[in-house]
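Hello,

Here is the structure I promised to pass on. My notes on it follow below.

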Amino acid sequence: MNDDQKLLRFLNAKVVEYNQPSFIADDPVCIPHLFTKKQDIEIAGFFAAIFAWGNRTTIINKSKELLALMGNTPFDFIMNHDIVDLKPFQYFKHRTFNATDLLYFIEFLTRHYSTNDSLETAFVRTKTDQPVERILKDFYLYFFSLHYAPSRTHKHIASPAKKSTCKRLCMFLRWMVRTDNKGVDFGIWKNISPSRLICPIDVHVARVARRLNLLHRTQLDWQAALELTSCLKKLDDKDPAKYDFALFGLGVVERF
């Protein structure tokens, strides 16, 4: 068995180890798993992904705090709230994400869902065969298309145009797009192929990827995400993002 075969066997085993229901409880993906309605899953997952930097327990708790403000019915709240219902949100804060940001996010979702059945169409605006880089750039422009978008809120939506890794949005896309029978990812979006997904990358994933010679770029940016995903495609060109389970598990859980 050569080194490439050993790496493939090793990473596939780690995917199996972490891509299972026992992974859900301690990860932000547990937040959309609180719901069964498609739009609730999308909204809860979107906020959980946006909040996903720092301690995972804090991310989960803050996501639950926000959902509680929405009466734990996020889609119904988005579609039916009035100005008075927004008053408790003025005290919400998660790291640098504050009430100004949150109120704009709510307004954007309200506007979008008023004419769309799914958040998927916020990402897939036209053609369904576009690369994720184009999808994320277009989403950024669409998200901030309301003329009163606060300038401070722009930092909370990443874009490849800003050289960002877009880790949180890539993770959200993984949740919504990937489909298997393991019970972690939802696979409720059908207009983006899993083969087009970009593997979410942060300092932990990058450290493991470099140790396994899957990443050589020193800068942690969008090009690093592309380089890593390109290497992962050589292992599975139909589902490269599944290796996020392996790299994350090795980096965060096992401190590999």
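Contact here means heavy atoms within 4.5 Å. This is a predicted model, in which local features need pLDDT of at least 70, side-chain atom pairs count only at pLDDT 80 or more, and totals for chains, interfaces and linings use all residues. Residues are numbered from 1 along each chain as its sequence is written, and side-chain values use heavy atoms, with hydrogens and water left out.

Start with G249. Leaving aside neighbours within four places in sequence, G249 is in contact with Y18, D244 and E254. Y18 is 231 residues away in sequence, yet the C-alpha atoms of Y18 and G249 are 6.6 Å apart. G249 has a relative accessible area of 0%, so it counts as buried (under 20%; exposed is over 50%, partly exposed in between; 1.4 Å probe, protein chains only).

G249 sits in helix 11. Helices are DSSP runs of H or I, at least four residues, numbered from the N terminus.

Next, the helix pair. The axes of helix 9 (residues 203-211) and helix 11 (residues 243-253) come within 8 Å and cross at roughly 100 degrees. Axes are lines fitted to C-alpha atoms over the stretch in contact, with angles from 0 to 180 degrees between N-to-C directions. The two helices are therefore roughly perpendicular (65 to 115 degrees). From helix 9, H204, V205, R207 and V208 meet D244, L247, F248, L250, G251 and V252 of helix 11.

Last, L247. Beyond residues up to four places away in sequence, L247 touches L11, C199, V205, V208, L212, L214, L228 and L232.

Best wishes

Key: Angles under 35 degrees count as roughly parallel, over 145 as roughly antiparallel, 65 to 115 as roughly perpendicular and the rest as oblique.
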